[in-house]
Amino acid sequence: MSKTKRIGVLTGGGDCPGLNAVIRAVTKCAVFSHGLEVVGIEDGFQGLIERRVRTLTTDDVSNILTLGGTILGTNNRCDPKRYPVTIDGRVELQDTSEQVMAYIAELGLDALLVIGGDGTMSVASNFANRGVNCIGVPKTIDNDLEGSDVTFGFATACHVATEALDRIHTTAASHHRAMLVEVMGRNAGWIALHTGVAAGADIILLPEIPFDIDKICQKVVDRSRHGKRFSILCVSEGAKPIDGVQAVDRVDPLSPDPIRLGGISKVVADRIEKRTGLETRTTILGHVQRGGTPVPEDRLLATSFGHAAIAALMAGKKNRMVVMQGGRVTDIDIFKVANRQRQVPLDHPLILAARDIDTSFGD
Ligand code: F6P
């Protein structure tokens, strides 16, 4: 049995649809089923450094199930071990871990419920090592968390991206163009694979399968020869050529994960247009994949994860992250997740099915 009475909850890393659904499930389960007090921490770990917290009541989380984003705010640049402080006009990175530990004690928190991706779990493990019981809930549109078959936010991102590709399809066919849609996902191609297959893309480019531009152009030309005077490409932001590197959009030195990928679809589009003579256009979907209301699948997953996190805590478990494995919600050691990313296996059934229906992966 757990002696837990008061818990803190925070959302860290990039936002994704379903965060509010988890906050709602966690708070309602904690209060209604176990009589706990819930403290909401603002903007991820930054709220623990800057002392920005507020009590969460069941009224506070009423009517947020369908709301995108996070009512607590989030932050994908904050690691208390490297907190930027300006001294004499110069920015210095300070380790504020002890200050955060003292604040957690002052707040009387028996556990921290951490809703985030691999970066957030890595920051949490610093505090788990110092004695704070951290229970993780995996979020990310990228679906790349180690140990969980799926993360909430992913289904909504695929839904948004698939709708975009469907719309691109009709304009591409009308204008006889090659059209590329670049989707997010960092170094994992889950969004591109699911979206590409769902939308019937002719070519899907994943970070896991380096592409050969000659093969891509050949596919576009072959389609034209067979009367298909347009081609649809679904391109992961992390895709890279066999003889080159990923396209980096920006570097954020303050972020625990400083590289922001983006722009590879423009490079590919230029080369297709020059080589094949076919008019080519690019759409980079960007953050539209992360915003807005979660689809029902993500609301269900978020609610199940929130419920499972409180159940794990009340069962006396320590430093676990709830996960979905083989259709069952269970939990794993939170330290195993920190800073690790789950890529698409090359023998994934969707890759095999797509290849058999003549979809190219540019290899
Ligand atoms: O991890 C989620 C994600 O949306 C990635 O797919 C993308 O590469 C990154 O975050 C973008 O980060 P930012 O919000 O800092 O631009």
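Guide: The side chains of Arg186 and Asp142 form a salt bridge, with 3.3 Å from N to O; the term denotes a side-chain nitrogen of Lys or Arg within 4 Å of a carboxyl oxygen of Asp or Glu. Arg186 belongs to the loop between β8 (178-183) and α6 (190-198), and Asp142 to the loop between β7 (134-138) and α5 (154-175), so the pair ties together parts that are 44 residues apart in sequence. Helices (H or I, at least four residues) and strands (E, at least two) are DSSP runs, numbered from the N terminus.

The model is predicted: local features need pLDDT of at least 70, side-chain atom pairs count only at pLDDT 80 or more, and totals for chains, interfaces and linings use all residues. Residues are numbered from 1 along each chain as its sequence is written, and side-chain values use heavy atoms, with hydrogens and water left out.

Arg186 is buried, because its relative accessible area is 19%, and Asp142 is likewise buried, at 9%. Buried means under 20% relative accessible area, exposed over 50%, and partly exposed in between (1.4 Å probe, protein chains only).

A second salt bridge joins the side chains of Lys219 and Asp358, at 3.4 Å from N to O. This pair links distant parts of the chain: Lys219 is in helix α7, and Asp358 is in the segment after α10 (349-356), 139 residues apart. Lys219 is buried, with a relative accessible area of 15%, whereas Asp358 is exposed, with 56%.

Helix α7 (residues 213-225) and helix α8 (residues 264-276) have axes that come within 10 Å and cross at roughly 55°. Axes are lines fitted to C-alpha atoms, for helices over the stretch in contact, and angles run from 0 to 180 degrees between N-to-C directions. α7 and α8 are therefore oblique to each other; angles under 35 degrees count as roughly parallel, over 145 as roughly antiparallel, 65 to 115 as roughly perpendicular and the rest as oblique.

The structure holds 26 salt bridges.
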